Amino acid sequence: MEAKKRIWVAVGVIENEKGEIFLAKRSSDRHQGDRWEFPGGKVESGEDLLTALDRELWEEIGIRVLDCSPFMELHHDYPDKQVLLDIWKVTRFNGEPFGKEGQECRWVPLASLHEYQFPDANGPIVARLQEQLAQ
């Protein structure tokens with residue numbers, strides 16, 4: 001059996017001054033489609049992680065990262081692919097995020113994140129964010 005290549009993904013947990021988190025909805029034709037996600041995308045070969053995060057957030061939702069910090073790292077194996085999610089908390093950015101690719105987007109209060117359906121790999125991110133709320 002051939003080993004699946006692990007896809008390295010830069011993910012931004014984008015928080016505004018009200019403590020809300022920005023979510024985007026995956027298109028129905030994509031892997032884990034019609035689920036809400038934290039924006040981001042693949043780190044290209046030879047690309048620095050933070051460069052990839054900034055590029056992906058610019059391409060997807062029209063913001064430039066000004067300040068971010070490491071949040072967590074996750075390995076997840078789907079039946080058809082393996083992902084390494086490198087998740088960063090983005091607390092300062094230029095621009096107002098919106099769905100540049102026509103995707104539905106919204107700011108969601110931290111306490112309401114559990115009401116949204118996320119890709120399977122995102123469960124631990126939601127859990128960790130809501131743990132912080134409880135502190």
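This is a predicted model: local features need pLDDT of at least 70, side-chain atom pairs count only at pLDDT 80 or more; totals for chains, interfaces and linings use all residues.

Student: Switching to aromatics. How many aromatic pairs are there?

Tutor: The count comes to 4. One of them is Phe38 with Phe118: the ring centres are 5.2 Å apart and the planes are at 15°, so that pair is stacked.

Student: Where do Phe38 and Phe118 lie?

Tutor: Both lie in loops. Phe38 is in the one between strand 3 and strand 4 (40–42), and Phe118 is in the one between strand 7 and helix 2 (123–134), so the pair ties together parts that are 80 residues apart in sequence.

Student: Are those two buried or exposed?

Tutor: Phe38 is buried, and Phe118 is buried as well. Another pair is Phe93 with Trp107, with centres 6.4 Å apart and planes at 20°, so this pair is stacked too.

Student: Which strands do Phe93 and Trp107 come from?

Tutor: Phe93 lies in strand 6 (residues 82–94) and Trp107 in strand 7, so the pair ties together parts that are 14 residues apart in sequence. Phe93 is buried, with a relative accessible area of 19%, while Trp107 is partly exposed at 23%. The two also belong to one aromatic cluster, together with Phe22.

Student: Which charged ends sit over rings?

Tutor: The charged end of Lys100 sits over the ring of Trp58, 4.0 Å from the ring centre. Arg128 has its charged end over the ring of Phe71, 4.7 Å from the centre of that ring.

Student: Now salt bridges. How many does the count come to?

Tutor: It comes to 10 salt bridges. Among them is the one where the side chains of Asp120 and Arg35 meet, at 2.9 Å from N to O. Asp120 lies in the loop between strand 7 and helix 2 and Arg35 in the loop between strand 2 and strand 3, so this pair ties together parts that are 85 residues apart in sequence.

Student: What about accessibility for Asp120 and Arg35?

Tutor: Asp120 is partly exposed, with a relative accessible area of 44%, whereas Arg35 is buried at 19%.

Student: And what does Arg55 meet in a salt bridge?

Tutor: Glu47, at 2.7 Å from N to O. Glu47 is buried, with a relative accessible area of 16%, and Arg55 is buried at 18%. Both are part of a network of salt bridges that also links Glu44, Glu56 and Glu59.

Student: Which residue does Asp54 bridge to?

Tutor: Arg64, with the closest N and O atoms 2.8 Å apart. Asp54 lies in helix 1 (residues 49–61) and Arg64 in strand 5 (residues 64–77), so the pair ties together parts that are 10 residues apart in sequence. Arg64 counts as partly exposed, at 34% relative accessibility.

Definitions and conventions
Residues are numbered from 1 along each chain as its sequence is written. Side-chain values use heavy atoms; hydrogens and water are left out. Rings of Phe, Tyr and Trp (its six-membered ring) pair if their centres lie within 6.5 Å; planes under 30 degrees apart count as stacked, over 60 as edge-to-face and the rest as tilted. Helices (H or I, at least four residues) and strands (E, at least two) are DSSP runs, numbered from the N terminus. Buried means under 20% relative accessible area, exposed over 50%, partly exposed in between (1.4 Å probe, protein chains only). A charge sits over a ring if NZ of Lys or CZ of Arg is within 6 Å of the ring centre and within 35 degrees of the ring normal. A salt bridge is a side-chain nitrogen of Lys or Arg within 4 Å of a carboxyl oxygen of Asp or Glu.
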